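This report goes through selected parts of one protein model.

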Amino acid sequence: MSLFYDLPKPILRVALDWEVDAIDPPASFGGWNTGRVVQQVFESLFEDDLEDESSVPTRLVPALATSVEISSDGLQYLFRLRDGVRFHDGSRFDAKAVRFNVERMWNPQAPQYSPVAADYNRIGLEVLKSVEVLDPLSILMTLKEPFPEFLRYMTQEDAPGAHVYLSPEALKTHGNSGIADHAPGTGPFRFDSRFSTRFGSGVRLIGNDDYWGGTPRLGGIEFKPYPKSEDRYEALLNSEVDLAYGLEGADLDELTRRGFVVVDGQVPYVWYFIFNMRDPILCDVRVRRAIAHAVDRDALCNDIFRGHTDAASGMLPPASPAFDATYRFPYKYDPECARQLLKEAGVGPDWRLHIMSAKAGAGHSVRICDYLAKSLEAIGYGAEIVWTEDWISYCHQWRSGLPDGVGVSQMSWGMSCDIWLDQVLHSRNSSPFGFNAGYYSSLTVDNLMDKAKRTQDDHQRGQLYRQANVQIMADLPVLPMLNLRRGNVAYHPRVKAFRNPSQDWHSFKNVWIDLNI
């Protein structure tokens with residue numbers, strides 16, 4: 001029986017743009033909608049400081065670990081664990097629990113091994129050589145080669161997957177196939193139930209009174225799906241929800257006039273198109289560059305997104321460590337240049353670009369895809385959009401790679417961890433073995449990213465990722481469209497102590513509601 005409505009404390013109601021995936025974070029791929037829920041329930045050894053609104057990128061702080069000692073060669077990480085932490089089912093968090101969870105994502109010989117969790121967390125754990133329990137509160141992880149982003153990758157919720165910790169007792173009871181929505185974490189809130197809404201399944205969390213970081217001030221949280229931004233907007237206005245995600249492009253000035261709080265700031269978020277590098281026409285770089293010249297991204301920002309977005313300069317998003325604010329996208333809006341390039345490439349006027357995307361849950365994907373199609377029509381060509389209704393289904397479809405006949409797919413993603421560039425564009429991560437969905441392959445880019453991954457000096461590593469981004473933009477296997485500037489979150493003034501770090505998810509552990517407002 002749900003305890004949700006017996007709680008005396010206020011409930012925070014949150015609008016998401018799609019349903020939450022099955023809650024088994026290491027093995028889920030539901031995007032930031034899922035990650036925003038997971039963040040409240042599960043924790044890693046280190047986390048983003050989500051109370052810090054000034055650090056760009058986010059500052060890393062101990063969570064389930066109290067400290068880490070890193071060897072001078074960057075190969076050994078000795079974690080000291082927090083004492084007295086319990087999972088939501090009452091079982092103890094300790095070094096054995098850490099090893100059990102890591103082996104689920106890394107060791108094919110372990111009985112709890114999950115091929116899905118291993119696949120989704122491969123980027124973060126593929127360099128791991130061994131995991132040793134030294135004592136109940138000390139664990140040593142040894143790497144095969146330096147990976148200085150090891151800690152930062154731990155913080156990436158739904159990357160997909162998540163390097164967070166579940167109760168081993170629950171995993172033993174339910175198994176990998178049954179643990180979804182039955183996975184006790186250690187966070188300030190715990191899963192209560194799913195419930196029906198007019199737009200699909202919602203998720204209820206309840207406060208964890210035994211949380212090691214202090215009892216949360218909220219009794220619980222309701223996450224409710226609203227696939228259309230106008231419905232999220234109205235839900236906020238009508239007090240159906242207290243806080244809403246993804247209102248970029250809505251009338252945020254009107255919300256402000258009505259007293260709502262509209263959040264702005266840098267977040268590691270980029271909308272982009274992935275070209276199918278196996279397509280016989282799009283494999284010609286002139287065609288890809290023509291499409292880039294055909295799209296007025298500034299007009300898209302100003303006319304459709306009301307100035308709440310910026311045209312993306314590349315594939316390193318703002319608030320990522322290697323983001324370069326001085327770098328400029330090399331393809332200005334030039335329809336005549338686009339026509340000339342297509343003519344030089346021998347593309348006839350009957351050619352149509354086939355676009356694959358989801359109708360909801362991807363942050364205004366409909367508007368962006370329609371805009372690309374109209375931009376091509378304006379230069380005498382055409383486009384056909386193949387839609388998937390369900391965002392989670394689309395994610396899994398997209399993960400398998402672009403099929404023959406599809407020219408581009410749309411995605412909105414990004415990380416505060418630079419190895420994201422590797423995750424989506426390194427040739428070894430080509431779908432279906434990774435998230436390079438368009439099958440891009442460049443020895444130059446691969447070498448730059450391989451070197452960056454091992455480079456311990458932060459400045460040198462950032463320069464290598466920037467060089468890789470420049471080469472990627474020259475090759476143009478992807479077309480970056482927009483970065484988010486304003487409207488990621490908006491909320492009613494009765495919501496207090498909300499903090500907006502440079503991240504795509506937030507912590508609600510210190511949030512409270514003033515019922516007098």
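This is a predicted model: local features need pLDDT of at least 70, side-chain atom pairs count only at pLDDT 80 or more; totals for chains, interfaces and linings use all residues.

Two strands are joined to β19. Strand β11 (residues 243-245) runs antiparallel to β19 and is joined to it by 3 bridges, with Tyr245 standing opposite Val489. β12 is also antiparallel to β19 and joined to it by 3 bridges; here Val262 stands opposite Ala490.

## The second largest cavity

The model has 3 cavities of 30 Å³ or more. The second largest cavity holds about 50 Å³ of space. Its lining is made up of Val263, Asp264, Gly265, Gln266, Val267, Leu484, Arg485, Arg486, Gly487, Asn488 and Asn500.

β19 gives the most, with 3 residues.

## The six-stranded sheet

An open sheet of 6 strands has the order β14-β18-β13-β17-β15-β16, with mixed pairing. β14 (309-311) and β16 (382-388) stand at the edges; each has a single partner strand, so one side of each is left without a neighbour in the sheet. On average, neighbouring strands of the sheet are turned by 25° against each other, direction ignored. Strands of a sheet pair through backbone hydrogen bonds, either parallel or antiparallel.

An antiparallel pair in this sheet is formed by β13 (residues 270-275) and β18 (residues 478-484), joined by 5 bridges. Within this pair, Val270 stands opposite Asn483 of β18. Parallel pairing is found at β15: 7 bridges join β15 to β16, where Ile355 stands opposite Ile385, and 2 bridges join β15 to β17 (residues 408-413), where the bridge partner of Met356 is Ser409. Of the 7 residues of β15 (residues 352-358), 5 are buried, so β15 is largely enclosed by the rest of the structure.

## Helix α11

Which residues of helix α11 (residues 335-344) are buried? They are Ala338, Leu341 and Leu342. These residues cover an arc of only 100° around the axis, which puts them on the same side of α11. An α-helix has 3.6 residues a turn, so residues three or four places apart point the same way.

The cover over the buried residues of α11 includes α9 (285-294). Just after α11, Gly346 takes a positive phi of about 75°.

## Phe223 in strand β10

Phe223 lies in strand β10 (residues 220-225). Its relative accessible area is 1%, so Phe223 is buried.

Leaving aside residues up to four places away in sequence, Phe223 touches Val14, Leu16, Arg36, Val37, Gln40, Phe195, Gly202, Val203, Leu205 and Phe508. One of these contacts, Val14, is 209 residues from Phe223 in sequence, yet the C-alpha atoms of the two residues are 4.8 Å apart in space.

Technical notes: Residues are numbered from 1 along each chain as its sequence is written. Side-chain values use heavy atoms; hydrogens and water are left out. Two strands pair if DSSP finds at least two bridges between them. Helices (H or I, at least four residues) and strands (E, at least two) are DSSP runs, numbered from the N terminus. Axes are lines fitted to C-alpha atoms, for helices over the stretch in contact, and angles run from 0 to 180 degrees between N-to-C directions. Buried means under 20% relative accessible area, exposed over 50%, partly exposed in between (1.4 Å probe, protein chains only). The arc is that of the directions from the helix axis to the C-beta atoms. Contact means heavy atoms within 4.5 Å. On a 1 Å grid over the protein atoms alone, a cavity is a set of points where a 1.4 Å probe fits but cannot get out, and a pocket is an open set with protein on both sides within 12 Å along at least five of seven lines; lining residues have an atom within 4 Å of a point. Grid points are joined across faces, edges and corners, and a volume is the space filled by probe spheres set on the points.
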